[in-house]
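I hope they are handy to have beside the viewer as you go through the model.

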Amino acid sequence: MRKVLIITYYWPPAGGPGVQRWLKFVTYLRDFNIDPVVYIPENPDYPLVDLSLCNEVPEGITIYKQPIWEPNKIAGFFFKQKTKRISSGVIHTKNQSVLERILLWIRGNLFIPDARKFWVKPSVKVLSKIIETEGIDTIITTGPPHSLHLIGYQLRKKHQLQWLADFRDPWTSIGYHKKLKLTKASKKKHKCLERLVLQQADKVIVTSTGTQREFAQIRKNSIKVITNGFDRAFSGIRSLDTFFSIVHIGSLLTGRNPTKLWAVLQELLMENADFKNSFKLRLVGVVSYDVLDAIYSYGLEQNLELVGYLSHAEAVACQKSAQILLLIEIDSEETKCIIPGKLFEYMAAQRPILAIGPKGWDAGTIINDTHTGFVFEYKEKEHLKSQILTWFSLYQKKQLRVNSKGIEAYSRSALTGKLAEYIAWE
């Protein structure tokens, strides 16, 4: 059985979508004659924690840990709420305090590519011994944090092995880079490191065709698209909400603020008494102040339920009981290639998806191809209103359902099969 070393920062008890991808790959790799060895930090500073995910770590997996020093812990000691928010991606663009601007400048310019850079050198040292002891012939680094790819680069130089760099998100083109107050020198350094990893890795994995196109301008060799997916254990329908629920799972960060949707919902509440009595907007996870202010400004507070963070199992249950599942992405050129991991669990939940994002969005293509919902641009209003009314009418008749096709290609097992083939591909 082939041994593969997987180097990841996010691992249970980390919460959020970043942990799901490689937790599930590790779960299924042994079905394809690959024995995964996992390397993780011993004392990470996770912005979200989900202890229930510890129960999903497969038995018998070899896991190595190495202490990590993270400057966020020092800043968090003095400014806990602000650093927690920044590290989780909730970066407010309006009314930033002087302290927030300073912390963003420090994060962006002193810690390149990110604040986990101090884990690189000690990891290379300890992993060199592990590679020899375990007989590893392939290593996989997954980012963000993209500093982990620098571990792969150093190990590739020292050892005769294969290195796969997995990008769950883009690097320099991702939206929050613009908010980090990077100097010209810092931007250049990020670009150089990105080019180094893309050109030196033996193989590169991305989660969308948009990222594949972007990276193809830098890298001439193989770039494989392997999306995120869903676990069959969580598929299927349970009893639905009795009210007409539109449910969003996950963080609603600054910029994911579809004001046309809030306006449509306001109109429906004013025009349709049945809708007003039946409708509930349920938001599960972190919601930025900017988004909340917009929702309140459209008078939706009486029909709003702020659930807060749920464990993964609880979030999946919430998806399966929703009448409509809401998927939102920032309306920008940079986010066209972003496919939220929750999309695939939405698909498995077999509930209609209401998606709002940029024109040419890769996630929208998947939704259209699988017949799992409808996709709208931020500027659309009348078609959006018409579709919500159509869904509401079907809800009243107890006929609201989705007839999807081809979603099995996005099961975790099928995707792990693609990964195993790519590992073995010469």
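1. Let me begin with a sheet. Seven strands form an open sheet with parallel pairing, in the order E3-E2-E1-E4-E5-E6-E7. At the edges stand strand E3 (62–66) and strand E7 (223–225); each has a single partner strand, so one side of each is left without a neighbour in the sheet. From one strand to the next, the twist averages 25°. Please keep in mind that this is a predicted model.

2. Within that sheet, have a look at the pairing of E5 and E6. Strand E5 (residues 162–167) and strand E6 (residues 203–206) run parallel and are joined by four bridges.

3. Next comes a helix pair, H6 and H7. Helix H6 (residues 147–158) packs against helix H7 (residues 184–200) at an angle of about 50°, and their axes are 10 Å apart. An angle of that kind makes H6 oblique to H7. The crossing of the two is left-handed. On the H6 side, His149, Leu150 and Tyr153 take part, and they meet Leu193, Leu196, Val197 and Gln200 in H7. Sorted by class, this contact of H6 with H7 has five nonpolar residues, two polar ones and no charged ones.

4. Now for another sheet. This open sheet has six strands in the order E10-E9-E8-E11-E12-E13, again with parallel pairing. What stands at its edges? Strand E10 (304–306) and strand E13 (373–376) do, each with a single partner strand, so one side of each is left without a neighbour in the sheet. Neighbouring strands here are turned by 20° against each other on average, with direction ignored.

5. Strand E11 (residues 324–328) and strand E12 (residues 353–356) pair in the parallel sense over four bridges. Leu327 stands opposite Ala355 in E12.

6. Helices pack on this sheet too. H9 touches strand E8 (244–249), strand E9 (279–284), E11 and E12, and the direction of H9 makes about 150° with that of E9. Helix H14 (residues 362–370) touches E11, E12 and E13, and its direction makes about 150° with that of E13.

7. H9 also has a helix partner. The axes of helix H9 (residues 259–271) and helix H15 (residues 382–396) come within 10 Å and cross at roughly 50°, which makes H9 oblique to H15. H9 passes H15 in a right-handed crossing. From H9, the contact draws on Lys260, Leu261, Val264, Leu265, Glu267, Leu268 and Glu271; from H15, it draws on Leu384, Lys385, Ile388 and Leu389. How many of these residues are charged? Four are charged, seven are nonpolar and none is polar.

8. One more helix pair deserves a mention. Helix H12 (residues 312–321) and helix H13 (residues 342–349) pack with their axes 9 Å apart, at an angle of about 50°. That angle makes H12 oblique to H13, and H12 passes H13 in a right-handed crossing. His312, Val316, Gln319 and Lys320 of H12 make the contact with Glu345, Tyr346 and Ala349 of H13. By class, the contact has three nonpolar, two polar and two charged residues.

9. Finally, the chain as a whole. The protein chain holds 16 helices and 13 strands. Its radius of gyration is 22 Å, close to the 22 Å that the globule rule gives for 426 residues, so the chain is as compact as a globular protein of that length. Along its principal axes, the C-alpha trace spans about 70 × 50 × 40 Å.

Key
Residues numbered from 1 in each chain as written. Predicted model: local features only at pLDDT ≥ 70, side-chain atom pairs only at ≥ 80, totals over all residues. Heavy atoms only, no water. Axes fitted to C-alpha atoms, helices over the stretch in contact; angles between N-to-C directions. Parallel < 35°, antiparallel > 145°, perpendicular 65-115°, else oblique. Left-handed = near helix turned anticlockwise from the far one by under 90°. Contact = heavy atoms within 4.5 Å. Nonpolar A, V, L, I, M, F, W, Y, C, P; charged D, E, K, R; others polar. Pairing = 2+ DSSP bridges. Rg over C-alpha atoms; globule rule 2.2 N^0.38 Å.
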